[in-house]
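Colleague: Could you walk me through how to read this fold? I would like the general idea for each feature and then the case at hand.

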Amino acid sequence: MQIRLENLKRDYGSLHAVDGVSLNIPSNTVYGIIGRSGAGKSTLVRLVSMLERPDEGEVWYGDKRVDNLSKKELIEERRKIGMIFQNFNLFSSRTAAENIAYPMEICRKPKDWIKKRTEELLALVGLEGRGDAAVSTLSGGQKQRIAIARALACEPSILFCDEATSALDPQTTRSILALIKEIQKKMNLTVVMITHQMEVVRDACDRVAVLENGKVVEEGLVSDIFASPKSAVTKDFLSNLTNVKESLVKLSDKAGHYTLRFSSSTTSEPIISLVTKETGALFNIVAAGVQYIEDKKYGVMVLDIGPDEETEKKAVEMLTKNGVTVERTLVEEEEQ
């Protein structure tokens, strides 16, 4: 189901938590919303999932406006939504299967249907035969799998994941993200992932919106955002991306003045050599590496350009003309 947000606003006193957000979230996709703490992402997901009403603006599910529904209509519409939270929110007094069954009981589904559906969901999340397990005996990853199964119990068309992997270790995070992507494809869900982790966006999402101070500062395909980030906050997220740092081969302890980002179409081209030949520029490469996003290669290179300012300027212009994103890096010498 497609989700459309039009000029959403939500204030808490003088705080503009969500400040004029408009987004078009396509159906049958995994859509990421990322921002630092306090950027407004958790408030936004509460508005989109109808847990709160906006002060201004509209929320549409498909061709139906949902932010202005009556209480009774709202309850009915929420049954189309599944929610996954950071801290699992499971009932410790219930078994794994009983946790999954809970929303179906609330919806007054037949007992036979609930039993069959619960068994199907346990198998779907890789916990077949663990229905009788007490919640206290489950690992963090298993608890989140039960939470995912519970969120899918009433066959929603939209799944919201609010920091769903923040409490998990990296290996478990990757397995949970892989599971969510698999389920999304099998069930044709619209999945909205709220996160502060760029690794989550890279590994799971098709599109992403970057939030800062309650506003969307950048939005687009994940592959495009990684290849050519526009906003300062996006560049900061990418510079601190754990797996990118690990994949970079550091050739010098010196800081480079430029960061070059190569898209999948330019990683195999001899662009550096061409620029050297045409401009006479000298490149001192400090670090370089390649990462994969959706099976496409994206290159990152940190370097200095010489031997003089005029040549440096020509080299930057030619790099940009050839599809390379060039970012000027503030190094220690310039800060002092």
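Modeller: Gladly, and let us start with pairing: two strands pair if DSSP finds at least two bridges between them. Helices (H or I, at least four residues) and strands (E, at least two) are DSSP runs, numbered from the N terminus. This is a predicted model, where local features need pLDDT of at least 70, side-chain atom pairs count only at pLDDT 80 or more, and totals for chains, interfaces and linings use all residues. Residues are numbered from 1 along each chain as its sequence is written, and side-chain values use heavy atoms, with hydrogens and water left out.

Colleague: Which residue of S9 is the bridge partner of Tyr-31?

Modeller: In general, strands of a sheet pair through backbone hydrogen bonds, either parallel or antiparallel. Here, strand S3 (residues 30-35) and strand S9 (residues 207-212) run parallel and are joined by five bridges. Within that pairing, Arg-207 of S9 is the bridge partner of Tyr-31.

Colleague: In what order do the strands of the open sheet come?

Modeller: The order is S6-S7-S8-S3-S9-S10, six strands with mixed pairing. Strand S6 (81-85) and strand S10 (215-221) stand at the edges with a single partner strand each, so one side of each has no neighbour in the sheet. On average, neighbouring strands are turned by 15 degrees against each other, direction ignored. For such angles, axes are lines fitted to C-alpha atoms, for helices over the stretch in contact, and angles run from 0 to 180 degrees between N-to-C directions.

Colleague: Which strands of the sheet does H6 touch?

Modeller: Helix H6 packs on the sheet and touches S3, strand S7 (158-162) and strand S8 (190-195), and its direction makes about 155 degrees with that of S8. Contact here means heavy atoms within 4.5 Å.

Colleague: And how do I read a pair of packed helices?

Modeller: Two packed helices are described by the angle between their axes and the distance between the axes. Angles under 35 degrees count as roughly parallel, over 145 as roughly antiparallel, 65 to 115 as roughly perpendicular and the rest as oblique. Take helix H5 (residues 140-151) and helix H6 (residues 170-187): their axes come within 10 Å and cross at roughly 20 degrees. H5 and H6 are therefore roughly parallel to each other. Their contact involves Gly-141, Gln-144, Arg-145 and Ile-148 of H5, with Leu-179 and Ile-183 among the residues of H6. By type, the contact of H5 with H6 has five nonpolar, four polar and one charged residue. In that count, Ala, Val, Leu, Ile, Met, Phe, Trp, Tyr, Cys and Pro are nonpolar, Asp, Glu, Lys and Arg are charged, and the others, Gly among them, are polar.

Colleague: At what angle do H3 and H5 pack?

Modeller: Helix H3 (residues 96-106) packs with H5 at about 25 degrees, and their axes are 8 Å apart. That makes H3 and H5 roughly parallel to each other. Ala-96, Asn-99, Ile-100 and Pro-103 of H3 meet Ile-146, Ala-149 and Arg-150 of H5. This contact of H3 with H5 divides into five nonpolar, one polar and one charged residue.

Colleague: How are H3 and H4 oriented to each other, parallel or oblique?

Modeller: H3 and helix H4 (residues 111-124) have an angle of about 130 degrees, with axes 9 Å apart, and are therefore oblique to each other. Ile-100 and Met-104 are among the H3 residues in this contact, and Trp-113 and Leu-121 are among those of H4. The contact of H3 with H4 holds eight nonpolar, one polar and two charged residues.

Colleague: Is strand S12 covered on one face or on both?

Modeller: Buried means under 20% relative accessible area, exposed over 50%, and partly exposed in between (1.4 Å probe, protein chains only). For S12 (residues 258-262), both faces are covered: Tyr-258, Leu-260 and Phe-262 are buried on one side, and Thr-259 and Arg-261 on the other. S12 runs antiparallel to strand S14 (residues 296-306), joined by five bridges, and Leu-260 has Met-301 as its bridge partner in S14. S12 also pairs in the antiparallel sense with strand S15 (residues 325-328) over four bridges, where Thr-259 stands opposite Glu-327.
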